[in-house]
Each structure stands twice: as C-alpha cells, then as structure tokens.
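Okay, thanks for coming, everyone.

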Amino acid sequence: RSFLKTASVASAAAATGLYGTSAHAAEFTFKYANNLPVSHPMNTRAKEMAAKIAADSKGRIELQLYPNNQLGTDTDMLSQVRAGAIDFFTLSPLILGTLVPAAQISGIGFAFKDYDQVWAAMDGELGVHVRKQIEAKSTLFAFEKIWDNGYRQITNSTRPIKTADDLKGMKLRVPPSPLWTSMFRAVESAPTSINFAEVYSALQTKIVEGQENPLAIISTAKLYEVQKYCSITNHMWDGFWFLGNKKSFEKLPKDLQDVMTRAINEAGMNQRGDVRKLNDSLVGEMKGKGLAFNDIDADSFRAKLRSAGFYAEWKKKFGDEPWALLEKYTGKLA
Ligand code: X2X
C-alpha cells in the first residue's frame, strides 16, 4: 500500500469531516458487537469512541457498531468473536465463564459492598488475574478497564421479593453462566438460562416470572412494561469486559493499537459514570411507569447462600489464591 495514498485519503476525510462513515475506505475496518439497546450508555459511549478512533487514527481505522443483538445472542456473538468474524465484543464476566470459568469470580453473590470495592478489585489485582486467564485460555484478550453493568435487582410479575424464602420455586431467567444458575438454585428458585436477546419476550409470554438486571437495563430495555415488582436486592455487581480478538488486533501497527486502547479504556471510564448516575436516578422514573419497588433483608439471602454451601463450593472451584484475591477487596466471604 502506498503511504501517499493513505495520507491523501486521511486528509480528504479530515477536510470533509467524514470520519466514522463509510464514505471512504479505511485501512482497517473492525466490527464491535454487543447485546444492549442503543440508548444504553454502553452504546452512546461506543458511538463517541468510534468517532474518536477514526479521528485519532486519521481515518485509518473504522469501527463499525452492531448494538442490540443485531449479530445474534451473546452465545452466538461469543462464538463469532472467538473465530474473528466479530473483532470486538463486550460480555459479562459470568457469561464469559462458559469459555473461561475463572472469569466468573467477580460475580459471587453479595461480594462487593460498594463501587469503591468494585473498581479497586477490577482495576487492581483481581482484574489482572482474570485478564491473564482470558488471554491464556482463549483467542481473546480484555482491555484493562472493565465497563459497568451495575448492581443487579430482581424483577418479576408475581410478588415482591423481601426475603430469600420469597424466591422459593420462582421461575427466573438468568443469563447463560454456571455461576448464575448455581446461585439461583442455592436460593431455591427455578433458574432458566436465556440469552438477553430473548428476555423481553420470555417475560411477556410468561415463560418465566422474573429476571434480574441493573436498573439501567430494566429501563432502556423497557422490561418494566412486562414486570410488576422490582426488589432492590443488589445481589451481585456485574460488568462487561471489552474483549478483542487477538488476531484482529494484531493486524494493527503498535501506534494504532495504542489509539484504540486509549479510546476504549477512556470510553469505559466515562460509561461507568453514566451507568452509575442512571442507576441512582431510575427508581423514581420507573415508579412513575407503574413498577412497584421494595427493599430486602439482605442478610437472609447471604445466610441462605452460606447454608446452601454456595461460597464453599465456588471457593473450591476458583481455588484458594484467586479467592484470597477477591477477599482482599471484599473482606471475608465464606
Ligand atoms: O444478559 C443480561 O442480563 C445482561 C444484559 O445483564 C448481561 O449482559 C449479563
């Protein structure tokens, strides 16, 4: 490829402000896919990020966005990014657990007491441990700054959940992940693995009674339209690793890898702020839409998980050292 040609294409694009459109052919075109609605901060920040990547690479990189399960369910997209048909993908550490079991450790129930603990762990040694496992055990790698999903809350169409016993026998959708199924079995509900792409219709047709997700998702995916109760359980924090296919990323020269790394991590930090603000403001808004909110007795949930052997089982699965890393940030769990 001729340097001159690249330079002239880039400057023409700069002059006309066409970065991020397909009006000219970029030298590197990548696909980034995710499972969330376009109005969720993940996608508003991704859009801004793609524009920054185009500008900072002088038009050499085009990042194409495929939000809202356009390319399939999380399970489909995970296969595609492993194979390189998608280049970048954001995925919950717990769903990634179907491929890299060690990644699920951040999803242990009632582990992180607040966001300070979350970011200290995920930007610190626990995150380093997980990212190493992802790189060692797959064709993927994760960028340093995990994006936020939030603390998860339980919604359903049947009854308010106030104590762990209220979950007995309740048919709940959980995302596809061994840890999720294990946790909701431990509290004696009846969990079914369903990809997010099918959650709204599963609730609408009453295949399941309820589901659990952070408020930003309950709101942007309009799950309040098909649910009556929302119990503020904060039963687990969840995030999204920003994953890349190693071979795709290695096509870039080092300077352009740095452009992408900077833009992705920066967008992730901004997205964290957006999600937190949203999750703090949405109770009032969704009350207005008819969703009934209640608080819970968190101790009854922790006690039930403990007596069901949930913490002991997963400590054994993850191993003593990773568990000690988790507890370094959360305090003693099991
Ligand atoms: O599938 C879900 O519930 C979601 C959107 O929260 C995740 O990506 C884990």
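This is a predicted model: local features need pLDDT of at least 70, side-chain atom pairs count only at pLDDT 80 or more; totals for chains, interfaces and linings use all residues.

Find helix H13, residues 310-318. Lys317 and Glu313 both sit in it, four residues apart, which is about one turn of the helix. Their side chains meet in a salt bridge, 2.8 Å from N to O. Are these two buried or exposed? Lys317 counts as exposed, at 51% relative accessibility, just over the 50% cut-off. Glu313 comes out at 36%, so that one is partly exposed.

That pair is one of 16 salt bridges in the structure. As a general point, side chains of opposite charge can pair when their charged atoms come close. Here's another one: the side chains of Glu285 and Lys289 meet at 3.7 Å, N to O. Glu285 is partly exposed at 41% relative accessibility, and Lys289 is partly exposed too, at 43%.

Arg45 and Asp274 form a salt bridge at 2.7 Å, N to O. What does that bridge tie together? Arg45 belongs to helix H2, residues 41-56, and Asp274 to helix H11, residues 254-287, so the bridge links parts that are 229 residues apart in sequence. Both Arg45 and Asp274 are buried.

On to the nonpolar side. The largest nonpolar core has 59 residues, and which of them touch the most other members? That would be Leu96 and Ile108. Take Ile108: leaving out residues up to four places away in sequence, it touches Leu179, Phe310, Tyr311, Trp314, Phe318, Trp323, Leu326 and Leu333. There's another core lying apart from that one, with 45 residues, including Ala50, Leu63, Ala216 and Val259.

Next, the ligand. How many residues are around it? There are 14, and the ones that come nearest are Asn35, Asn149, Arg152, Arg173 and Asn213. Let me pick out some of the polar distances. Asn35 has a polar side-chain atom 2.8 Å from a ligand oxygen. For Arg173, an N or O atom in the side chain is 2.6 Å from an oxygen of the ligand. Asn213 also puts a polar side-chain atom 2.6 Å from a ligand oxygen. And the cover? On its own the ligand exposes 270 Å², and the protein buries 100% of that.

Two more residues and I'm done. Ser177 is in the loop between strand S7, 171-174, and helix H7, 178-186. Setting aside neighbours within four places in sequence, Ser177 is in contact with Leu94, Ile95, Thr98, Gln104 and Ser193.

Last one: Ala303, which lies in helix H12, residues 298-307. Ala303 is partly exposed, with a relative accessible area of 41%. If you want a distance to check on your own screen, go from the C-alpha of Ala303 to the C-alpha of Trp237: the two residues are 66 apart along the chain, and those atoms are separated by 18 Å.

Note on methods: Residues are numbered from 1 along each chain as its sequence is written. Side-chain values use heavy atoms; hydrogens and water are left out. A salt bridge is a side-chain nitrogen of Lys or Arg within 4 Å of a carboxyl oxygen of Asp or Glu. Helices (H or I, at least four residues) and strands (E, at least two) are DSSP runs, numbered from the N terminus. Buried means under 20% relative accessible area, exposed over 50%, partly exposed in between (1.4 Å probe, protein chains only). A nonpolar core is a set of buried Ala, Val, Leu, Ile, Met, Phe, Trp, Tyr and Cys residues joined through side-chain atoms within 4.5 Å. Contact means heavy atoms within 4.5 Å. A residue is near a molecule or strand if one of its heavy atoms lies within 4 Å of it. A polar contact is a pair of N or O atoms within 3.5 Å; within protein, one must be able to donate a hydrogen and the other to accept it, and residues adjacent in sequence count only if both atoms are side-chain atoms. Accessible areas come from the Shrake-Rupley method with a 1.4 Å probe; for residues, only the protein chains shown count as cover.
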